[in-house]
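Dear colleague,

Please find below the structure that I am handing over to you, with its sequence. My findings follow it.

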Amino acid sequence: MASVQQSTSSASSKRWLPLEANPDVMNQFLWGLGLPQDEAECCDVYGLDDQLLEMVPKPVLAVLFLYPITTQTEEERLQQEHEKREYSSKVYFMKQTVGNACGTVGLLHALGNPTSEIKLVDGSFLDKFFKSTASMDPMQRAKFLENDGEMEVAHSVAANAGDTEAADNAYAHFICFACVDGQLYELDGRKSEPISHGPSSPSTLLKDAAKVIKSMIQKNPDSINFNVIAVSKKSKDEF
């Protein structure tokens with residue numbers, strides 16, 4: 001997987017190197033921060049038709065989607081900024097204030113929402129991060145991440161661990177899809193709030209997210225810079 005991610009931000013001058021859309025890199029990153037290897041892992045989604053979706057390890061806890069930043073996606077994002085939406089108070093959502101940090105923000109969204117399904121190492125970075133930010137609003141969480149030196153170092157190590165040379169400006173962006181309170185939510189740190197895409201369930205999350213992703217891809221037919229990664233809970237039978 002050679003795709004990388006990038007995201008612009010006006011809230012901070014700080015920029016990180018982009019993470020590669022590579023499950024192996026992401027797994028090492030998360031396992032080093034306190035996600036037990038026998039709890040969950042990132043997996044490639046090789047296609048969006050039903051047959052290929054069936055190949056993805058289940059259950060799926062969240063879906064990450066990398067897509068190109070285009071004039072059209074920017075127009076849609078700005079339009080959505082003016083639309084007030086209701087969303088569950090149980091949704092863990094954070095803004096993104098650090099340039100190129102959308103891969104890390106996406107992973108935090110992926111782990112921060114299905115918290116009942118994931119047991120983090122007690123006292124680990126991720127355990128402390130989610131406990132410290134639990135009562136914060138989205139911008140406070142963003143600033144907490146921005147000022148966290150340990151995460152910045154871990155992100156830098158992961159960004160340099162991919163198969164492609166890290167670029168400071170790779171015009172693509174990671175978002176996360178998660179099921180919370182029976183709704184499929186799009187979690188994008190560049191947007192002001194989570195976006196609900198209708199009813200969903202833990203068992204249908206992958207297929208529901210795939211439908212939304214297909215529609216996003218169809219809006220950018222000339223681009224090939226797409227990537228889908230699932231965060232799946234591991235079966236204890238594997239160990």
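Predicted model: local features only at pLDDT ≥ 70, side-chain atom pairs only at ≥ 80, totals over all residues.

The structure holds 6 aromatic pairs, where rings of Phe, Tyr and Trp (its six-membered ring) count as a pair if their centres lie within 6.5 Å, and planes under 30 degrees apart are called stacked, over 60 edge-to-face and the rest tilted. One of these is the edge-to-face pair of Tyr 92 and Phe 130, with 5.3 Å from centre to centre and 80° between the planes. This pair links distant parts of the chain, 38 residues apart: Tyr 92 lies in the loop between helix 3 (71–80) and helix 4, and Phe 130 lies in helix 5 (residues 125–133). Helices (H or I, at least four residues) and strands (E, at least two) are DSSP runs, numbered from the N terminus. The rings of Phe 129 and Phe 130 are also edge-to-face, because their centres are 5.7 Å apart and their planes stand at 85°. Tyr 92 and Phe 130 are buried, and Phe 129 is buried as well; buried means under 20% relative accessible area, exposed over 50%, and partly exposed in between (1.4 Å probe, protein chains only). One aromatic cluster is formed by Tyr 92, Phe 125, Phe 129, Phe 130 and Phe 144.

Residues are numbered from 1 along each chain as its sequence is written, and side-chain values use heavy atoms, with hydrogens and water left out.

Thr 133 lies in helix 5 and is buried, with a relative accessible area of 0%. Setting aside residues up to four places away in sequence, Thr 133 touches Tyr 92, Arg 141 and Phe 144, contact being defined as heavy atoms within 4.5 Å. The C-alpha atoms of Thr 133 and Leu 145, which are 12 residues apart in sequence, are 9.4 Å apart in space.

As to the overall architecture, the protein has 8 helices and 6 strands. Along the sequence they follow the pattern α-β-α-β-α-α-α-α-α-β-β-β-α-β. Of the 239 residues, 55% are buried. The accessible surface comes to about 10,900 Å², and 50% of it belongs to carbon and sulfur atoms; these areas come from the Shrake-Rupley method with a 1.4 Å probe, and for residues only the protein chains shown count as cover. Among contacts with a separation of 6 or more, 76% are between residues 24 or more positions apart.

How do helix 1 and helix 4 cross, and at what angle? The axes of helix 1 (residues 23–33) and helix 4 (residues 102–112) come within 12 Å and cross at roughly 65°. Axes are lines fitted to C-alpha atoms, for helices over the stretch in contact, and angles run from 0 to 180 degrees between N-to-C directions. The contact involves Met 26, Phe 29 and Leu 30 from helix 1, together with Thr 104, Leu 107 and Leu 111 from helix 4.

Most residues other than glycine have a negative phi, and most peptide bonds are trans. The peptide bond from Lys 58 to Pro 59 is cis, with omega near -5°, and Pro 59 lies in the loop between helix 2 (50–53) and strand 2 (60–68). Asn 100 is not a glycine, yet its phi is positive at about 70°. Asn 100 is placed in the loop between helix 3 and helix 4 and is buried, with a relative accessible area of 0%. Asp 181, likewise not a glycine, has a positive phi of about 55°. The loop between strand 3 (172–180) and strand 4 (183–187) contains Asp 181, which is partly exposed at a relative accessible area of 48%.

Finally, Leu 184 lies in strand 4 and is buried, with a relative accessible area of 1%. Its C-alpha atom is separated by 7.7 Å from that of Ser 201, 17 residues away along the chain. Beyond its neighbours within four places in sequence, Leu 184 is in contact with residues including Phe 177, Ile 195, His 197, Pro 199, Leu 205 and Val 212.

With kind regards
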